[in-house]
Protein chains: 2
Amino acid sequence: MAQAPFIPPTVGVFDSGFGGLTVLRALIALAPQAQYAFIGDTARLPYGSKSRRTIARYAAQSARFLVEEQGAEYLVIACNTASALALDAIQEAVPSSVPVIGVIEPGAEAARQASATRDVLVIATDATVQSHAYAAACQARGLRALEKACPLLVPLVEEGWVASPVTNDSMALQTSAATKQQAVTADVVRIYVEELRADAHAMSMEPDSLVLGCTHYPLLKPVIEGLIPPTIKIIDSAAAAANELVMHLSRDRHALAAPASSGTRLCFFATDSVEKFERLGSRFLGRQVNNVQLVDLGG
Amino acid sequence: MAQAPFIPPTVGVFDSGFGGLTVLRALIALAPQAQYAFIGDTARLPYGSKSRRTIARYAAQSARFLVEEQGAEYLVIACNTASALALDAIQEAVPSSVPVIGVIEPGAEAARQASATRDVLVIATDATVQSHAYAAACQARGLRALEKACPLLVPLVEEGWVASPVTNDSMALQTSAATKQQAVTADVVRIYVEELRADAHAMSMEPDSLVLGCTHYPLLKPVIEGLIPPTIKIIDSAAAAANELVMHLSRDRHALAAPASSGTRLCFFATDSVEKFERLGSRFLGRQVNNVQLVDLGG
C-alpha cells in the first residue's frame, strides 16, 4: 500500500498584538513543515491591564477562530499575559484533541533544564510579573525565581530602537540616529539588569539563568547578552514553546513526514490596523509580513 | 443688603488616566478658590488606541458623572485624546450651561500668543499626532505646526525616571540609580527634540515655540528646557487650559470672591486600581493624592 501524501499540520498561533511573531519565528525555525495561522487581537490590546475574566473571553474567541475557521490542530498561545491568566479557558474553548501550548510552562521548563544553581531571574511586563506565573511555574520545578517588571522595554522595541538586521543597511544619517537610539536601549537594559542582579545578590541568590518572559524581548537578546556575565544563560520562552510544539508534532508523526524544501505557509489575521501590523510585524518575524487580513471577533 | 456668602464653584476634571493631574495642578495654582472633582477612567485606558465613537462614549460617561453626581459647573477635559476626538460629544452630554474646556484649543491659543515666527513645534503621543488636532487648531490661528509623536516619554514618566522634588531626598543608593535613570530620559528627549528640529529645518521652518501636547510632559519640562535653545519657548497646554478656566471663572465672578486662605477641596475618583492611582498620581499632582474612590461607570 502506497504511503499517504504528507498533509502539513496546521498550527494556530495567538497573541494580543504582534510580539508573538517572535514565537512564530521560533516555530518556523524548528517546525518549517507545518502551516501557520497567526492572529493578533490588536484592537483590544494591551491585555495586561484587563481582568482575568475579560482576557479569558477575548483569548477564547481568538482560539475558536483559529480552530473552527482556520482548521488549527495545535494552538500556541504566544502571549505571556494570556498564558498566565487564560490557558485553562482557552483549552476549554476548543476540542480537547487540540493541544494548547503556552509560553510560561515551557519557559520555566527550559530554565529547569539549564539551571544548576536552581536560582533563576525573570524579566517581563508589569502584568506578567504581577501574575507571578513564572515564579509559580519555577517553584513547581524546585527553582527559586526572582521576577522584575521592565515596562520600558516593550515601548523601546516597538519604537524600533533596537539593532535590526532588516533595517541596518539604511543611509548614514539614519545609522547615526539609530546608534544613539540603540545606546539608549542598552542603557535602559543595563539599569534594569543591574537592579535585578543587585536584588538577587541581596537575597543571597546565585542565578545562572535569565528568562525572557515577554514576547518582545527576543529582539533585545543581543543587547542583554552583552550586559550579563557569561555564567548567566538566557532562556527564550519563545524558543522553549517551539520545542514543546515539536515534541507534540513528533509524537503525532508530523515532524517525520516533512517534505524536503517546500516553503512554510503563513496566514496572518489582525483585529485592527492591518498596516501597522505589517510594518511592525516584519521586525518581530524577521521577514516580510504581507497580506494581513482584518477580522472582527465581535465584542 | 449683606453680601451672599462665597460658594466655591465646582470644577470637574476628566482624564483617561492620571496624567491629567498635571492639569489639575495647574488649575489649583491659578484658581485655588474652586473645589475640584477629578476622575481618571483608568479601567479603560489607554484611549489612544480606541475609535472616536468609543472614546466619545467613555468620555461622555465620565462627564455626566462629574456634572450629575459631583455637581460640576465647569468641565476641564485634561486628556489630549479626548480633547481631540470627543469635545463635541462631551458638550452634548452635559447641559449647555456647563462650559467644557479641552487642552488643545488653549494650547494652540497660547502658541499663537507666544509665537512671532508663526512656526510652532508640537510633541505628543502617537494618537494625538495622528489626529492632527494641534496642527488644525494652529492652522486656524495662522500658525504652521510640525507635530512629532514621542511614544517613549509617557512610559518614562510613568516609570518615574524623571527628577521629582517629591522623591529626590531618598537614600544615596537610590539617588545614584535615579541619576542613571534621569540620564536615560534626557537622552531620549534629546533624540526626539533633535529629530524634530532637523525636520523643521528641512522644511525651512523657524520655530520659536514648542507645545507640550500630552498631560505627562509637564514633568519633563525641566529636561526639555535644558535641551532646546532659549529662543524656543515651551507652551504648556495644562497651564493654558488653566488660564482658560480662570477666564470663565472671572466672567462668572467666581474669581473675584476668593476667600483669603482656605484650602482647595479635592475629590478623586478612578475606575480601576485606587492604589496605583494614589502612588503614581502624587507624582503628577505634586502633592499627596489620598482617598481615591473607586467608581463603576459601566460598559
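Between which helix and which strand of chain B is the loop that holds B:Asn291? Select B:Asn291 and find out.

**Before you click**

This is a predicted model, where local features need pLDDT of at least 70, side-chain atom pairs count only at pLDDT 80 or more, and totals for chains, interfaces and linings use all residues. Residues are numbered from 1 along each chain as its sequence is written, chains are lettered from A and ligands numbered from 1 in the order in which they are written, and side-chain values use heavy atoms, with hydrogens and water left out.

**Stop 1: B:Asn291**

The loop lies between helix H11 (274-285) and strand S10 (293-294) of chain B. Helices (H or I, at least four residues) and strands (E, at least two) are DSSP runs, numbered from the N terminus. B:Asn291 counts as exposed, because its relative accessibility is 65%. Exposed means over 50% relative accessible area, buried under 20%, and partly exposed in between (1.4 Å probe, protein chains only).

B:Asn291 is in contact with both, leaving aside its neighbours within four places in sequence. Contact means heavy atoms within 4.5 Å. Then pick B:Leu266: 25 residues separate it from B:Asn291 in sequence, and 9.8 Å in space, C-alpha to C-alpha.

**Stop 2: A:Ala56**

Move to helix H2 (residues 52-69) of chain A, where A:Ala56 is found. With 15% relative accessibility, A:Ala56 counts as buried. Show A:Ala86 and A:Ala89: A:Ala56 touches them, not counting residues up to four places away in sequence. A:Leu87 is 31 residues from A:Ala56 along the chain, with 8.0 Å between their C-alpha atoms.

**Stop 3: H1 and H10 of chain A**

Select residues 21-30 (H1) and 237-251 (H10) of chain A. These helices pack at an angle of about 45°, with axes 8 Å apart. Axes are lines fitted to C-alpha atoms, for helices over the stretch in contact, and angles run from 0 to 180 degrees between N-to-C directions.

The contact divides into 10 nonpolar residues, two polar and no charged. Ala, Val, Leu, Ile, Met, Phe, Trp, Tyr, Cys and Pro count as nonpolar, Asp, Glu, Lys and Arg as charged, and the others, Gly among them, as polar.

**Stop 4: both chains**
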